[in-house]
Amino acid sequence: MADQQAAPAGPDLSQGITLSEFSGATLLGHVGDEEVLLVRSGAEIFAIDAHCSHYHGPLAEGVVDGESIRCPWHHACFDLRTGEATRAPALNPLAVWNVEHEGGRIFVRQKRAQPKPRVIAAADAPGKIVIVGGGAAGFAAAEMLLRQDFSGGIVMLSSEAAAPVDRPNLSKDYLAGSAPEDWLPLRPDDFYRGAAIDLRLNTEVASIDTRAKAVVLAGGETIAYDRLLLATGAEPVRLPIPGADQPHVHVLRSLADCRAIIASSDGARRAIVIGASFIGLEAAASLRARDIEVHVVGLEQRPMERVLGPAMGDFVRALHEEHGVIFHLGDTVTAIDGKRASLKSGGVIEADVVVVGVGVRPRLALAEKAGLAIDRGVAVNAYLETSVPGIYAAGDIARWPDPHSGEKIRVEHWVVAERQGQTAARNMLGAREAFDAVPFFWSQHYDVPINYVGHAEKWDEIAVDGDIAGKDCLLRYSSGGRVLAVASIYRDTASLEAELAMEKATR
């Protein structure tokens, strides 16, 4: 007998429900085979697709904020009226449905034509925008310019060989072998041609002529701009040790890096990951999924303690050890001779593949050479504009005034980079919109997701709600009685609520 597809959840909204059946903020139902979410906002009721367009997160478990709804998994945000993905990491809109009121009942029967996103009325729209960088911030900026009906020229200059990809996947599902490569591109290659984006890959920018308002390519070609976005990102730190340049020793940043690790892993028995960072431990989990013995060597006494604190650090170590990872902490690799890695402690580990994950450095050379103000990153104001008018910076290089911590901060998070790219795009069109999003990232270790909102470089108290070892917890990192950041495991709604509380505290 053939398997039967599970029936959609909730009531059939095409048959109608009474107002008494819809007593909360949201109600999950269906129209035919499609799941639809009813959302109450004030006196209005909206109907929208029930799953986030990013990784299919369940919006029924999300949080409603005014006329928007936020996804519990990775904190994407959607406009209830238009379905637009207003905040990364989601980029694609959701379908919205007509809501009809008849005889005291609510009916949802058909989708509306996709409403247009809200567009900024630019008083002084630039003729050409040049974006240097093909990562999260650069792509998100170009995509937002299109949404805003920008009719000028868009040039994107990327040093990478591939069009913009979903970089978080490179250390997670794709490296683990559980995601196909066609999941990686943020848009298909023909998107750029169809959108008239002049995407140039394998392209190095040598300098910026701020007086002439032009970028100069390594080959000598100059490209004029009216507005310029620097989104050059960061580059992996490479170990200055003998043997680090061998073909089986890798860093992990680009699609090419990931492909090289996968190729080296074919038939490998043992791997060394140098660095107990987020990227290093995500890579360790992915290599374990390929049934490779993994040794993690790190200077830290506890993995991730600097960001997550000692209790969460101990949990992360125990989680990886449960999956067979062998740690060598308080140690480092001093040389790699063939497949023999020598440790400072005197030990030797033989491995077929080595992944170096000891951090990244922001790519600041271009901005420094152009004379932009530098402060452990490219200094920008609240609108992400640099010290030179008309030049903006976003992503891993940008140090901005964070209203939540009250500090100037620079973070290397994918979602922050995307959201900054979106804000910079709107500001290049004249919006004057302050970047005030609370920093957010997620990290995946086997079946355990860790969500983190806010930014705490130091704290004097960590309050734990729940059970860390039981994988059900929320940790608040405070300084002087003020919550600066929140980390959580399987407390998705509470994580979203913490994000909203931080936002509202500075409004």
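For counting charges here, Lys and Arg are positive and Asp and Glu negative, with His and the chain ends left out. Each charge is placed at NZ of Lys, CZ of Arg, CG of Asp or CD of Glu. On that basis, the mean positions of the chain's 50 positive and 67 negative charges sit 5 Å apart.

What you're looking at is a predicted model, where local features need pLDDT of at least 70, side-chain atom pairs count only at pLDDT 80 or more, and totals for chains, interfaces and linings use all residues. Residues are numbered from 1 along each chain as its sequence is written, and side-chain values use heavy atoms, leaving out hydrogens and water.

Now to those charges in pairs. Call it a salt bridge when a side-chain nitrogen of Lys or Arg comes within 4 Å of a carboxyl oxygen of Asp or Glu, and you get 33 of them.

Take Arg70 and Asp65: their closest N and O atoms are 3.4 Å apart.

How exposed is Lys339? It's partly exposed, at 45% relative accessible area. Its salt-bridge partner is Asp352, with closest N and O atoms 3.3 Å apart, and Asp352 is partly exposed at 23%.

Methods:
Buried < 20%, exposed > 50% of the residue type's maximum accessible area, 1.4 Å probe, protein only.
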